[in-house]
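Hello,

Here is the structure I promised to hand over. Please look through it first; my notes follow below.

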Amino acid sequence: MASFFGRFTSHSHSNSNAPSAPSAPSPPPAPETHDQGQSHGTAAQYYSEQQRPRPYGSDYGGVSSYGSYGFPPGTSPEVIRSFQMVDRDGSGFIDENELQQALSSGYQRFSLRTVRLLIFLFRNPVDSTRMGPNEFAAIWSCLGQWRATFERYDRDRSGKIDALEMRDALYGLGYAVPSSVLQLLSSLYDDHCGGRVEYNFDSFVECGMIVKGLTEKFKEKDRNYTGSATLTYEDFMSTILPFLVSYS
């Protein structure tokens, strides 16, 4: 992962173009499939044309704060039951292994690398290494929407999507990701045997969460949604390093 971000940073500079859009909107109609390498939108603006971006943090209300160990009103009993089954000490928090177990019961087995990224992006203010009910409910809801998007682009029902389908699926979530960034993401899963890179749901979520997290941080500097921002060296390092640490 560190090598991936090393390659990512080498493509970055003070004035950067980046995608930006709501993190997990209801799945829109499937976009047309475009030729490989063709970018969506204009060269000066990589934001998805489907929706105008909302302010940073609006999708999940920012960092949650809940006082008691209760779930948000209207939380599905299935979500509550999945959390309680792995919260064996009744503390109201679950660690990365317990989150991995809980999500595996509802979706598929996620790698610890993806689970750690989820904990980092949906972290709570009480204990950044563990997850409470509000964060768990937000993750479950987000993954449900992402799963629906993944299945729409997994047209042969193989449980995997290729690079073109990955591009269109991310666009369906609201992220118009440049081809150069997609190539960097695909390098995470390239076995260097000459075969085609494919993504299962775990790797789709990992790639999507990397894009989501970095996009939301970029939006803090690009408040006018122009696709361009000026970052200081400190800002840039503060954006990238937390992702590296979350994978350690």
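**What was found**

A disulfide is a pair of cysteine sulfur atoms within 2.5 Å. By that rule, the count is zero.

Some ground rules. This is a predicted model, in which local features need pLDDT of at least 70 and side-chain atom pairs count only at pLDDT 80 or more, while totals for chains, interfaces and linings use all residues. Residues are numbered from 1 along each chain as its sequence is written, and side-chain values use heavy atoms, with hydrogens and water left out.

**The nonpolar core**

A nonpolar core is a set of buried Ala, Val, Leu, Ile, Met, Phe, Trp, Tyr and Cys residues joined through side-chain atoms within 4.5 Å. The largest one has 50 residues. Leu 99, Leu 103, Phe 122, Phe 136, Phe 204 and Met 209 have the most contacts inside it. Elements giving two or more residues include H2, helix H3 (96–106) and helix H5 (133–153). H5 gives the most, with ten residues. Helices here are DSSP runs (H or I, at least four residues), numbered from the N terminus.

Take Leu 99. Leaving aside residues up to four places away in sequence, Leu 99 touches Ile 94, Val 115, Ile 119, Met 131, Phe 136 and Ile 139. Contact means heavy atoms within 4.5 Å.

**Aromatic rings**

Rings of Phe, Tyr and Trp (its six-membered ring) pair if their centres lie within 6.5 Å; planes under 30 degrees apart count as stacked, over 60 as edge-to-face and the rest as tilted. The whole structure holds nine aromatic pairs. In one, Phe 71 and Phe 83 have ring centres 5.4 Å apart and planes at 85°, so the pair is edge-to-face. Phe 71 sits in the loop between helix H1 (2–10) and helix H2 (77–86); Phe 83 is in helix H2, twelve residues apart. Phe 83 is buried, at 3%. Phe 110, Trp 146, Phe 150, Phe 201 and Phe 204 form one aromatic cluster.

Two charges sit over rings (NZ of Lys or CZ of Arg within 6 Å of the ring centre and within 35 degrees of the ring normal). Arg 147 has its charged end over Phe 201, 4.6 Å from the ring centre. Lys 212 lies over the face of Phe 122, at 5.1 Å.

Best wishes

Note on methods
Buried < 20%, exposed > 50% of the residue type's maximum accessible area, 1.4 Å probe, protein only.
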